[in-house]
Amino acid sequence: MSLKLLSREQLARRAAAELRAGMYVNLGIGIPTLVANEIRPEMNITLQSENGILGMGPFPAAGFERADLINAGKQTVTLAQGASIFSSADSFAMIRGGHVDLTILGAMEVSEQGDIANWMIPGKMVKGMGGAMDLVAGSPNVVVVMQHCAPDGSPKVLKQCKLPLTGKRCVKKIISDRAAMMVTPEGLIVTEIIVGLSFEELQACTEARLMKSPEGIRVLNP
Amino acid sequence: MSTIRKSKLFESALEAIHDIQDGATLMVGGFGLCGIPEHLIEALRVKGVKDLTCISNNAGVDDFGLGKLLQTGQIRKMISSYVGENKIFEQQFLSGKLQVDLIPQGTLAERIRAGGAGIPAFYTPTGVGTLVAEGKETKIFDGREYVLERALKADFALIKGWRADPAGNLQYNMTAMNFNPMMATAAKVTVAEVEEIVGEGEMNPLAIHTPAIYVKRLLLGRGYEKRIEQRTVQPRA
């Protein structure tokens, strides 16, 4: 029987469980963007988009899209009730100043110290870091959503990142398609694993050293 | 610029940029294609000035925004945070024809803000321990490491407003604000193109985003294309 890894939607659903009522949250491009679909209105979550929105709403109905109202992914969006708009300098003051409670973003590699690499592969075309370096440096809580292994099976949760870093010692939690892990000063503590995968098998496809949560390991089942 | 012009209003985009020379450093407002000075960019293409250094968050797409000036080979150096949407950019960069400085978006915004606010440099936590901090001074404050970043200034800032009054007070529309307000403050000459010019005294002083002191030249743009980069809508119910 082949192992059933979490889908993109399941990863987004699990990441959404990190949200707490009343939080201000920035969601990165890719799977993190899907987290918005998992937010229940009664949670009272406010989405920040680093091009200058606090209170980003869903995509507009067809015919209501406006060139002057986009998110950081350059997608047409709407404003939620009570939204505000501001300049890029104000937006990043908000981010760098630690006012945005939670940042959820993707990664190419993470290390057991909480380093993250997600902007550059040497030798390939470099597109730029955008706002990622400011977000990981400024956010009090950085959660990474990622594939646990590369398509060739090589590990992406490492002792040390090999790719150029986006930030050092900033990731607090890793949610992969195989497990959920907390980054602590002692190393990575596994709190959840998908059905059909043992801790030892998870360790075998992870370069970083893993520890079992003292409270036991739950099923990663969004 | 010793004489004070009676009016800041220019008749054409070409006149508004008449004194931009080869080799000039320009700040160009916008985030993606949102809030870019379409007419002033087109005027630069027509004028044909070259060897430009452009400070702009992005580089447009192949045939719109700053992508137009990449097509014609007028840009020598880009200072940006993200340039992923442009194939011509990629070709020119890989062939060495185009120099590129990639800067974290918040650091870029703050360097421009600092440039306009008379602050030569500042310490930021962004980029510490990464390639961005290499060769730069760092300092520990309250147990955390910060990197020293220098302010940015330019010869000209080309920005896009929504409305202006004749004095040059500006308002922006929605997220077309982005980098425009800081850029307006950080150049020797700021040229603002807008969609509407209202009468004197018709703007609420409290609702002005960029005070007139920063704006040297105004252009009323006509026929904005306002291209959308990623048209996303709700699926029909």
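The side chains of B:R231 and A:E65 meet in a salt bridge, at 2.7 Å from N to O; the term stands for a side-chain nitrogen of Lys or Arg within 4 Å of a carboxyl oxygen of Asp or Glu. The rule finds two salt bridges across the interface of chain A and chain B. This is a predicted model, in which local features need pLDDT of at least 70 and side-chain atom pairs count only at pLDDT 80 or more, while totals for chains, interfaces and linings use all residues; side-chain values use heavy atoms, with hydrogens and water left out. Residues are numbered from 1 along each chain as its sequence is written, and chains are lettered from A in the order in which they are written.

**Interface of chain A and chain B**

- The contact (heavy atoms within 4.5 Å) takes 45 residues from chain A and 51 residues from chain B.
- About 3900 Å² is buried between the two chains, 65% of it on carbon and sulfur atoms; buried area is the accessible area (1.4 Å probe) that two parts lose on being put together, summed over both.
- Of the area that chain A buries against chain B, 21% comes from A:D68, A:K74 and A:M125, more than from any other three residues.
- The rule also finds 22 residue pairs in polar contact across this interface, both residues at pLDDT 80 or more. A polar contact is a pair of N or O atoms within 3.5 Å; within protein, one must be able to donate a hydrogen and the other to accept it, and residues adjacent in sequence count only if both atoms are side-chain atoms.

**The side of chain A that touches chain B**

- β4 (79-85), α3 (88-96) and α4 (132-138) of chain A each supply at least two residues of this side. Helices (H or I, at least four residues) and strands (E, at least two) are DSSP runs, numbered from the N terminus.
- The largest share, four residues, comes from α3(A).

**Helix α1 of chain A**

- In α1 (residues 8-16), A:L11, A:A12, A:R14, A:A15 and A:A16 are buried, that is, under 20% relative accessible area, where exposed is over 50% and partly exposed lies in between (1.4 Å probe, protein chains only).
- Among the elements that cover these buried residues are α2 (31-34), β5 (102-106) and β8 (142-146) of chain A.

**Cysteines**

- The structure holds zero disulfides over all chains; a disulfide is a pair of cysteine sulfur atoms within 2.5 Å.
- The sulfur of A:C161 is 9.2 Å from the closest cysteine sulfur, in A:C170, which is too far for a bond.
- A:C161 is buried, with a relative accessible area of 16%, and A:C170 is buried at 6%.
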